[in-house]
Every structure is written in C-alpha cells, then in structure tokens.
Amino acid sequence: MLDIESLITRYGTITAVRDVGLTVQAGEVVCLIGPNGAGKTTLLATIAGLLKPSAGRVTLDNKDVTGWAPDRMLRAGLALVPEHRRIFSDFTVRENLLVGGVTQPASRRQELLDEMVTLFPVLKERLSAQAGYLSGGEAQQLAIGRALMSDPAVLLMDEPSLGLAPVLVEQVFDLITRLRVSGRTLFVVEQNAQRMLAVADRAYVMRSGEIVADGPAAQLSAREDLFETYLGQSGGST
Amino acid sequence: MIELIQQIIDGLGRGGIYALLALGIAVIFGVMHLINFAHGELITVSAYTSYWLFASGFNWWFIAPAIIVVAVLTAVIIEFVAFRWVRGAPDFTMLMTSFGVHFLVQALFVMYVSANFRQFPRPGWIFDTWRIGDLSLEVFDLAVIAATLVTLLGTYWLLQRTMFGVSLRAAAEDFDTARLMGIRSNRVIRGAFILSGVLAGVAAIFWLMRSGQAGPTAGLNPMLKGVLAALIGGLGSLSGAVLGGITLGLVEVLLISRLPGGTAGLTDGIVFLLIALLFVFRPQGLITVRRVERV
C-alpha cells in the first residue's frame, strides 16, 4: 500500500534521512521507533509532502506520489497526525473536525463527523468547546479524529503520546489498538518504543537517518540488544 | 455631551474605512505572514478607474460597484504576478516584493498617465447633514457606518459559516497543518486576496467619494492607515484589525476636535506617538494572536 524506496531528505548540507526504504501493507500497524534526532519526524514530513525529498520514491497504492504537496497527498489517501497535535486552538472541536473533512462532499462530511463522535465520545460532549482548552488526551483524540475525517487509506501518526501524562498515554495506545482492530492502516512514529511495539504488527528502527533494523514487532520487542544499542533504553518486552 | 456623541459618530465613520482596510491587510498577513504594502495600490487603481469612468460619462451608482470589481481584479493580479513566485520565501523577501509592487504601480502611473492628481466629482449628498435634536449627523458618516457594518457582517458570515471561511481561518492559524488537512494553498491564498480586494473596494468607494481625486500616490495614505490599524489591533487578528481601525478613527477625530486652533496638523504625529506608547505596554497590539511557526 505505502512503499518508500531509497528516500533521502536533506536540510541544506545535512542529510536527515539516508536511503530509507520501508513498506506498509493494507490493514497493518507499522511503527518507526528510534532515539531523538534519528530523523523520524523528517521522514514522516517527507512522506506527507511537507518536505521535498532529495532522492527516492514514495508510492501509494502503486501510484508514484513522490514530492506531492500535502493537500494532494491527502486527496491520494494519506493523512498525517502531526507531532504536538497542532489542533486549531482558536476553533471549536466541531470546526477542527470539519477542517479535517474539507476534501469530502458536504453530505459525507456530516457522516464522518457522526462517525468521529462515536469513535471519540469525549469529543461529542465538547463539540462546541474551544479546542485550545482541551486536555492533552482530548486534544490528541481530536487530532486523530480530524485526520480520520479525510477517510484516509493510510494514517501517519507522529509521536502521538508525546507530552501526555501516563494515564493519557495509555488512552492513546488503547486508541491505536481500536483503530487496528477496525482495520485501519497505520504508520506510527513513536519514542515510547516498548509500548508501541506491543500494539504494532511490524516495526522499523531508525538511527542517524537510517533504518538499522526491522521485523515483526513481537520479535523486535524481545531483542534487548536493540534497545541498548539503538534506543538507549534497557529492557525489551514488557 | 452632544458634541462628544457627534465626534464619536464622525470617528466611527472614519474608523469604519480604516477597519475595512486593516481587515484586508490582516487577512493577507494571516495566511502569508506578509504586511502587504501593495494594499494601497488597490485604492490607486480604483481611483484612476473612477476618474476614467467619470470622464466616460458614468455616475457613482455605476462606479461604486465597478470600484469593488477593479479592486478584486487588481488584488488577484498582484497575487498572481508578484507574490505567487516568492511564496515560501522568507517573510522579508515577500515584504520587499510588496514594496516593489507599491513603487512599480506608482511609477507606471507617473510614466504613462501623469504625476499630477486628477479631480473627479464627489457625490453631493456626502456634504448633507441630518439633524436629530441637537445632533447634526453627516449623511456620509452614516453611510460609511452602515456599509462597514454590512461588509463586516458579511465577512463574519463568510469566515464563520462557510468551508472557505473555515479553511481561511485554519490557514491563518497554522498554514502547514491546514495543507495537511487538504486545504489547497493556491486556492486559500487567492481567496484571501479576493476578500482583501472586496474589503479594499468598499473602503475605496468612500475614500474616493470624500477625496474626489486620482493620483499615483492616492493609495499611500489609506495603506498607511490600514497598516497602522492592523498593528494597533494586533497583526494577524481579524477582530483586532476591526478594533484597531475603529480606535484609530476615533482617536484621530477626538484629537482633531480637541487640539488648539491651527495645530490640527499635528494629529498624525501625535497618533504615531500614542501608537508607540501603546506598543510599550502591549507590543502585541490590542488583541493577542497565538501563532504557530511554520515547518
């Protein structure tokens, strides 16, 4: 479904993503883990069209979408939940969701809105509230709901648990599990490696801009050497 | 008391025009981070259009809507010819581009028309007054206030109740995230310029009715007032732009009426000092805008 081949992204003379290749199949939850500064967010931004790759190819459903602008990428079926959520804080919750569905016909937009408030009951209660006053967990649900309003084929998520209290982190991983059960295709960048591996099908490990390991999440989770060498953490499976 | 009420109405009339100009500038700033110093050229082109249409025998009933159309077309052309090519460049580059457009349009009128101002007739009713009790109300002020209210309500409806408005506000709050939501940058920026053109067009109608002249620098003063009002309100805040325009209009009228005879010429200087004083205490302007840095 989503194929990345030999992708390179540079900031001036600095190469942030080096010759990265990965695939995400339909219905899979694939995660990308790695330490700070590994290039994970840059990779996601490049896939989503916010950054232009210096080389390589991005294909979605066998269609070459390399270098497409973010709005075009979204129409092709790829949505991104950005790091730090970046909800429109001056908007109401309802308006945030509507913006997410801007590419949908008006009738379908309303259907999707109904689906989102069913999927995220907390948002239903706060539809008229200003989004800037939501808690971190509520805001994360809104950010995910907003991205799902475009009814994407693949949902990219960048650090969904970043900055959340432990109890809210659990809510986010529960949500990822629910999305997985509902058959969504997810590609998730996450620093909380152990927790993410527990809910993913497959994983890639990134360090210094390169993919240094990949495989089924359960196998990687059991590799203590991986955590110590590449992630700077001790302990594998939890 | 009566005198004060009358001055407030005068100030609202003047401030209404400033509010429309400032709102157009704020809309563009919101989506492009650009203080558009070429905004005044919409007034300049509208002024020459009015002059030529009068010379061709048309009256204000035809010229007024024509001004709006011309202002919108000018805004769209400026966006397409000048700003589209530097979009994504540093803010400073776009600022220089807007200065370039400002001086280029002026130079073109000087070279191909004249450096001198051309006069055209003002509608007689703008000098009429209505007496209500002891109040003497200028019809012009009432017309400006009414037109400003209708335009602002229309703009509010557009921004709050339509998907275009929601898209525009989203782009103004966080442009990159708006693009991630599928909002097309070309469309939203073109829409912002069209809206700023409509607002400038309505402002131009009243500005030109009062000035009755066209010249290469006809747009300079309205542009400066619009930028000032937008700064007072808090650059990028749409409600702030309206508040800034009304505040500027009121302060100007109150100063003019209170300064000793022969010193009314100091008004603009004092206004600038007051604005500097405001920024000492509120550098962000009257309304604080939360802004997300672009990726």
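This is a predicted model: local features need pLDDT of at least 70, side-chain atom pairs count only at pLDDT 80 or more; totals for chains, interfaces and linings use all residues.

Me: Is Phe62(B) buried, exposed or partly exposed?

Reply: Phe62(B) counts as partly exposed, because it has 13 C-beta neighbours inside 10 Å. A residue needs 20 or more to be buried, and 12 or fewer to be exposed.

Me: And how far is Phe62(B) from Ser50(B)?

Reply: Their C-alpha atoms are separated by 9.7 Å, and the two residues are 12 apart along the chain.

Me: Which hand does the crossing have?

Reply: H10(B) passes H11(B) in a right-handed crossing.

Me: Which residues make the contact?

Reply: From H10(B) they are Val251(B), Glu252(B), Leu255(B) and Ile256(B). H11(B) brings Thr267(B), Ile270(B), Val271(B) and Leu274(B). Sorted by class, the contact has 6 nonpolar, 1 polar and 1 charged residues.

Me: Now the two chains together. How many residues of chain B are in contact with chain A?

Reply: 17 residues of chain B are in contact with 21 residues of chain A.

Me: Which helices of chain B supply at least two residues each to that side?

Reply: Helix H6 (163-173) and helix H7 (175-180) do. H6(B) gives the largest share, 5 residues.

Me: What classes do the residues on that side of chain B divide into?

Reply: The side of chain B that touches chain A has 8 nonpolar, 3 polar and 6 charged residues.

Me: Last topic, chain A. How many helices and strands does chain A have?

Reply: Chain A has 10 helices and 10 strands. Its radius of gyration is 17 Å, close to the 18 Å that the globule rule gives for 238 residues, so chain A is as compact as a globular protein of that length.

Me: What does the C-alpha trace of chain A span?

Reply: Along its principal axes, about 50 × 40 × 30 Å. Of the 238 residues of chain A, 47% count as buried.

Me: What about contacts in chain A between residues at least 6 apart in sequence?

Reply: Among those contacts, 63% join residues at least 24 apart.

Terms used. Residues are numbered from 1 along each chain as its sequence is written. Chains are lettered from A and ligands numbered from 1 in the order in which they are written. Helices (H or I, at least four residues) and strands (E, at least two) are DSSP runs, numbered from the N terminus. The radius of gyration is taken over C-alpha atoms; the globule rule is 2.2 Å times the number of residues to the power 0.38. Two residues are in contact if their C-beta atoms, placed from the backbone, lie within 7 Å. A crossing is left-handed if the near helix is turned anticlockwise from the far one by less than a right angle, and right-handed if clockwise. Ala, Val, Leu, Ile, Met, Phe, Trp, Tyr, Cys and Pro count as nonpolar, Asp, Glu, Lys and Arg as charged, and the others, Gly among them, as polar.
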